Amino acid sequence: MSAKERAFRSKLTQWVSQRGLMRGTLQVRWKTCGKANCKCARGERHRSLYLIVSEEGRLRQLCVPKEWETRVRQWVGDYGRVKEWLEALSRLYWDQLQHRER
């Protein structure tokens, strides 16, 4: 195993075993609740964060509670990083196969 391959595998193992991973997109939405005395009636709308995931061709949405926002943002960001590392590892194997290297 090459040093580059070991480095990729080590990173992947560390991230997968120690952190959460979640596929999806985060979207902030601003809403008005409709209550006459609420701040949103004066233009200060309510902020909500949604996680959006495509499964079997359908979009699923889930409201993320404020106390979970940091954690969910971390999971989604980590998923993107791990996906990039998997792509890089795949390219490395492609090159090995192409040049018939072990």
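Author: Let us begin with one pair in this predicted model. A salt bridge joins the side chains of Arg81 and Asp78, with 2.8 Å from N to O. Both residues belong to helix α2, which covers residues 69-98. Arg81 and Asp78 are 3 residues apart there, about one turn of the helix. The two partners may also be described by their accessibility. Asp78 has a relative accessible area of 0% and is therefore buried, whereas Arg81, at 35%, counts as partly exposed. Salt bridges with shared partners also link Arg47, Glu69 and Arg73 into one network.

In total, the structure contains 5 salt bridges. Another of them connects the side chains of Glu5 and Arg9, at 3.3 Å from N to O. This pair lies in helix α1, made up of residues 3-18. Glu5 and Arg9 are 4 residues apart, which is again described as about one turn of the helix. Arg9, by comparison, is partly exposed at 39%. The cut-off needed for this reasoning is that buried means under 20% relative accessible area, while partly exposed lies between that value and 50%.

A further salt bridge is formed by Arg60 and Glu55, whose closest N and O atoms are 2.8 Å apart. Glu55 has a relative accessible area of 35%, so this residue is partly exposed.

We may now turn to the cysteines. The structure holds 0 disulfides. Cys40 takes part in no disulfide, and the nearest cysteine sulfur, belonging to Cys33, is 3.5 Å away.

Cys63 presents another case. The closest cysteine sulfur to that of Cys63 is again in Cys33, but it is 14 Å away, and therefore too far for a bond. With a relative accessible area of 41%, Cys63 is partly exposed.

To review the part with which we began: Arg81 and Asp78 meet in a salt bridge, and both are found in helix α2. Of this pair, Asp78 is buried and Arg81 is partly exposed.

How values were computed
Residues are numbered from 1 along each chain as its sequence is written. This is a predicted model: local features need pLDDT of at least 70, side-chain atom pairs count only at pLDDT 80 or more; totals for chains, interfaces and linings use all residues. Side-chain values use heavy atoms; hydrogens and water are left out. A disulfide is a pair of cysteine sulfur atoms within 2.5 Å. Buried means under 20% relative accessible area, exposed over 50%, partly exposed in between (1.4 Å probe, protein chains only). A salt bridge is a side-chain nitrogen of Lys or Arg within 4 Å of a carboxyl oxygen of Asp or Glu. Helices (H or I, at least four residues) and strands (E, at least two) are DSSP runs, numbered from the N terminus.
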